[in-house]
Amino acid sequence: MIQEITLRLQPHIACEIENLKKYISKEISVPISEISHIEILNRSIDARSKFPIYNLRLNAYIGEPFQEKPIPYPNLKNVINSEPVHIIGAGPAGYFAAIRCLELGLKPIIIERGKDVKARVADLKGINVHNIVNEDSNYCFGEGGAGTYSDGKLYTRSKKRGNVRRILELLVAFGADRNILIEAHPHIGTNKLPDIIRKIREAIISHGGEIHFNKRVVDFEISGDAIVGITTLSQDRIEVKNLILATGHSARDIFNLLDRKSIKIEMKPLAIGVRVEHSQELIDSIQYHCATRGEYLPPSPYSVVKQIDGRGVYSFCMCPGGVIAPCATSQDEIVTNGWSSSQRSRPTANSGIVVELRFSDFKDFEKQGALAAMFYQKKIENDSWLAANKTQKAPAQRLVDFVNQKFSADLPKTSYPPGLTSIELGSVLPKLIHTSLQKGFVEIGKSMKGYFTNEAVVHAPETRTSSPVNIPRDPITLEHIQISGFYPCGEGAGYAGGIVSAAMDGMKVADAIYTKLYPNKT
């Protein structure tokens, strides 16, 4: 017999199999000896009350052997001679579009401006250690996209955009830990993602797909109302019939190109702020209501939302046991983000704290048209770089000093590899953002006792929360509203926000292309 049970348990019971068996035995009145296996189906932590509780949904196997159901490898076809689909970008939208193409019998041909996932590492060292930004290979650009070396969070609220479980199962098929299928907030980790991405690449190539690295697209060729070709920086011209644009939220050269060629794009408001770092021990004590978290609880995340003068101030991409990374894509800017390894074992916790922006907030840049939010974003990044004496040493301030507009005479040790420049951050942040954050941090401190401390460090700026543009597409065909065969896709086009939603959008676009090519087969 297999009995499904939902339980709320203390950590030492939920995490020790013998303790869990004893509890279940009493709960369902079955001898321990008859419980042959416990299969966890879903797991989450509820830390809202004084004592943290694990929520478990599980199957208890009673007098019955357990056989783990294998995660099926996708049914990929050999497509070496099949109809091509060109894809710009080897991030999650591009790679999962390619996997779906292989399932459908279409030949994906990926053009990626950056390097393969292993070769990217040298360029990350360049920015971390030497303040050198490779504009085609960095934390944002290269195989796997921005998520590869920026944490690997898999949680998404975008349930209506596609089958989340399907994406997670594909990741497991390519080597991710099965635990991502049961955790409420799954996470792979920056240390494990590269090998998974390599396996996806190998699957694409071994089934007849193509991947071309170090190929930056610099022009689109339009004939009538259809896309017919692209040109790379090395002046290669590639004929295309169906083109997926999956370049990510930082591809400003692509946004500029679309604007110059009068290919319709729209301004999209985003959120901008700072990245704040605390000790993980402090965050654990706040969230778990205890001096130390003990062996059964993971490093704690946090999520906060405050309303400040009618607009949201909230946490973004919180990284327990993580590191703050330099994510500039041009030499003349500073951009911060965060990542964690699979174990989340670093002594610090960091999170973006960002301010909701609206269309009216970009009025000083209205002459830039649809690119107004992008230019607003870029100015903050450039001002930060100038304030840091044209280095990657991020402008920073102790948290209480930030709220009180007081220069920090010294700064605590930071996880941010290039180091910090102590300045009053009001000199690089727009007044609206600065004031909203000052008030926001005070309010966060009221609900998270101990959070508002001068031992925390505020790093500026956090600007790449989402794309500053939306590239409009037909809701049915998913083609650009003006151009046949041109498919805006993923986060850069405004249709996703993170690895899972971008992957779902990539597969959705591949399905749309197949439907267009073979309407009688769908």
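Biologist: Is cysteine 319 buried or exposed?
Modeller: Cysteine 319 is buried, at a relative accessible area of 0%. Bear in mind that this is a predicted model.

Biologist: How many disulfides does the structure hold?
Modeller: The count is 0 disulfides. Cysteine 319 takes part in no disulfide, and its nearest cysteine sulfur, in cysteine 317, lies 4.2 Å away.

Biologist: Changing topic. In what order do the strands of the open sheet of 7 run?
Modeller: The order is E13-E14-E17-E12-E20-E18-E19, and the pairing is mixed. Strand E13 (305-308) and strand E19 (420-422) are the edges, each pairing on one side only. On average, neighbouring strands in this sheet are turned by 35° against each other, ignoring direction.

Biologist: In what sense do E12 and E20 pair?
Modeller: Antiparallel, over 4 bridges; E12 covers residues 271-279 and E20 covers residues 457-462. Within E20, histidine 459 is the residue opposite arginine 275.

Biologist: Which helix lies across E12 and E20?
Modeller: Helix H9, residues 372-387. H9 also lies across strand E18 (394-398) and E19, and it runs at about 130° to E20.

Biologist: Now helix H4. Which of its residues are buried?
Modeller: H4 spans residues 120-130, and its buried residues are Arg120, Asp123, Leu124, Gly126, Ile127 and Asn128.

Biologist: What do those buried residues pack against?
Modeller: They pack against strand E15 (322-326).

Biologist: And what follows H4?
Modeller: Asparagine 131, which has a positive phi near 60°.

Biologist: One more residue. Where is isoleucine 88?
Modeller: Isoleucine 88 is in strand E4, residues 84-88. It counts as buried, at 5% relative accessibility.

Biologist: What is isoleucine 88 in contact with, leaving aside neighbours within four places in sequence?
Modeller: Its contacts are Ile111, Val217, Phe220, Ile230, Leu243, Ile244, Leu245, Ala246 and Thr247.

Biologist: How many residues lie along the chain from isoleucine 88 to lysine 215?
Modeller: They are 127 residues apart along the chain, while their C-alpha atoms are separated by 9.4 Å.

Conventions
Residues are numbered from 1 along each chain as its sequence is written. This is a predicted model: local features need pLDDT of at least 70, side-chain atom pairs count only at pLDDT 80 or more; totals for chains, interfaces and linings use all residues. Side-chain values use heavy atoms; hydrogens and water are left out. Two strands pair if DSSP finds at least two bridges between them. Helices (H or I, at least four residues) and strands (E, at least two) are DSSP runs, numbered from the N terminus. Axes are lines fitted to C-alpha atoms, for helices over the stretch in contact, and angles run from 0 to 180 degrees between N-to-C directions. Contact means heavy atoms within 4.5 Å. A disulfide is a pair of cysteine sulfur atoms within 2.5 Å. Buried means under 20% relative accessible area, exposed over 50%, partly exposed in between (1.4 Å probe, protein chains only).
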